[in-house]
Amino acid sequence: DEVMQLIRDSHLDLVNNALYAFMAINLSLNNHETSFGLQVIQQMKRGPQYLHMPVLDYEMGTLKLYHLELGDAIHYLEVFTSNFKGKFYLKDAYFKLAWAYYLQGNRTQAERCRQLVLSRGNEVVDADKVAVREAKKDSWPDATILKARMLMNGGYFNQALDMLLSKKIEDYPSLSDKIQYAYFLARTYDELGQDDLALSLYEATIKTGATRPEYYAARAALQSGFIYEQRKDSAKAITYFRKCLDMNEQEYKSTLDQRAKAGINRLTLR
């Protein structure tokens, strides 16, 4: 948050410098501030005298996907995958294309892109590794939960909440969907500052998902730890950070463990 504010307040030439723009857009994606990222990329000057970075098409496609502008998302991601000569983020771009086509109702193109995840690019960066893992799944996610997830990733928390509250957890017969619904509803309440609602849903996610390979329960424990840390309840925060460490999720394990360990260190070294 502090870095984003510095970028807003600084005199970096985001309009004329593609590198600065890329940095700002990447930070906006990481900080759930899609609207700022869109503002930066839309104001950039284009032309032969300006540096063109194909990765900006990838970023633009991602920004559009997170606002559910599916047609635009598909356009920019297709431009990236057609023109990019490198290997990084190709798998992630194809998987985002698969999601965009799926949410459009175009299952044929969605399946085509999901297969391209497995054959194009490499698995060096985490985003591409996750894309491969997701592409190997037999089923598609629930469309409502996926739309809410995209909106939440983009920082459109009220829209994500409305999307989730259009359904009830009882509407989902599978345990996997119930866990995802509870988790993303908790994350949305968390981002909106409704901590008590978030904590109760995080707890439900932990209880039902602790032994599953997905990351939801571990992330729920981590987020619970952050909330208790903010409340100055160090004992509870450490308890939840340790719960995160104790889980054996297959997704994002190293990243989540690093953040949990950092939380424990912050609280025990004071």
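This is a predicted model: local features need pLDDT of at least 70, side-chain atom pairs count only at pLDDT 80 or more; totals for chains, interfaces and linings use all residues.
**Notebook: a first look around the chain**

I started at D257, which touches C244, L245 and E249, leaving aside residues up to four places away in sequence; a contact here means heavy atoms within 4.5 Å. Residues are numbered from 1 along each chain as its sequence is written, and side-chain values use heavy atoms, with hydrogens and water left out.

**Helix 15**

I found D257 in helix 15. Helices (H or I, at least four residues) and strands (E, at least two) are DSSP runs, numbered from the N terminus. Is D257 buried or exposed? D257 counts as buried, at 13% relative accessibility. The cut-offs I use are under 20% relative accessible area for buried, over 50% for exposed and partly exposed in between, with a 1.4 Å probe and protein chains only.

Next I checked the length of helix 15, residues 253-268. The expected span is 1.5 Å times one less than the number of residues.

Then I listed the buried residues of helix 15: L256, D257, A260, G263, I264 and L267. Looking down the axis, I see them fall within an arc of 120 degrees, so they line one face of the helix. That arc is taken from the directions from the helix axis to the C-beta atoms. What do these buried residues pack against? Their partners are helix 13 (216-230) and helix 14 (234-246).

**Stepping back to the chain**

I counted secondary structure over the chain and got 15 helices and 0 strands. Of the 270 residues, 49% count as buried. I also looked at contacts between residues at least 6 apart in sequence: 59% of these join residues at least 24 apart. The chain exposes about 13400 Å², and carbon and sulfur atoms supply 50% of that. Areas are by the Shrake-Rupley method with a 1.4 Å probe; for residues, only the protein chains shown count as cover.

**Rings**

How many aromatic pairs are there? I get 14. Rings of Phe, Tyr and Trp (its six-membered ring) pair if their centres lie within 6.5 Å; planes under 30 degrees apart are stacked, over 60 edge-to-face, the rest tilted. Y172 and Y181 have ring centres 5.5 Å apart and planes at 40 degrees, so I note this pair as tilted. Y172 is buried at 3% relative accessible area, and Y181 is buried at 5%.

F226 and F241 have ring centres 5.6 Å apart and planes at 65 degrees, so this pair is edge-to-face. The pair links distant parts of the chain, with F226 in helix 13 and F241 in helix 14, 15 residues apart. Both F226 and F241 are buried.

I also found one aromatic cluster formed by Y183, F184, Y215, Y216 and Y252. Elsewhere on my list, R114 lies over the face of W140, at 3.9 Å from the ring centre. The rule for that is NZ of Lys or CZ of Arg within 6 Å of the ring centre and within 35 degrees of the ring normal.

**L199**

My last stop was L199, in helix 12 (residues 195-209). L199 counts as buried, at 11% relative accessibility. Leaving aside residues up to four places away in sequence, L199 touches S224, I227, Y228 and R231. I also noted that L199 and Q223 are 24 residues apart in sequence and 8.6 Å apart in space, C-alpha to C-alpha.
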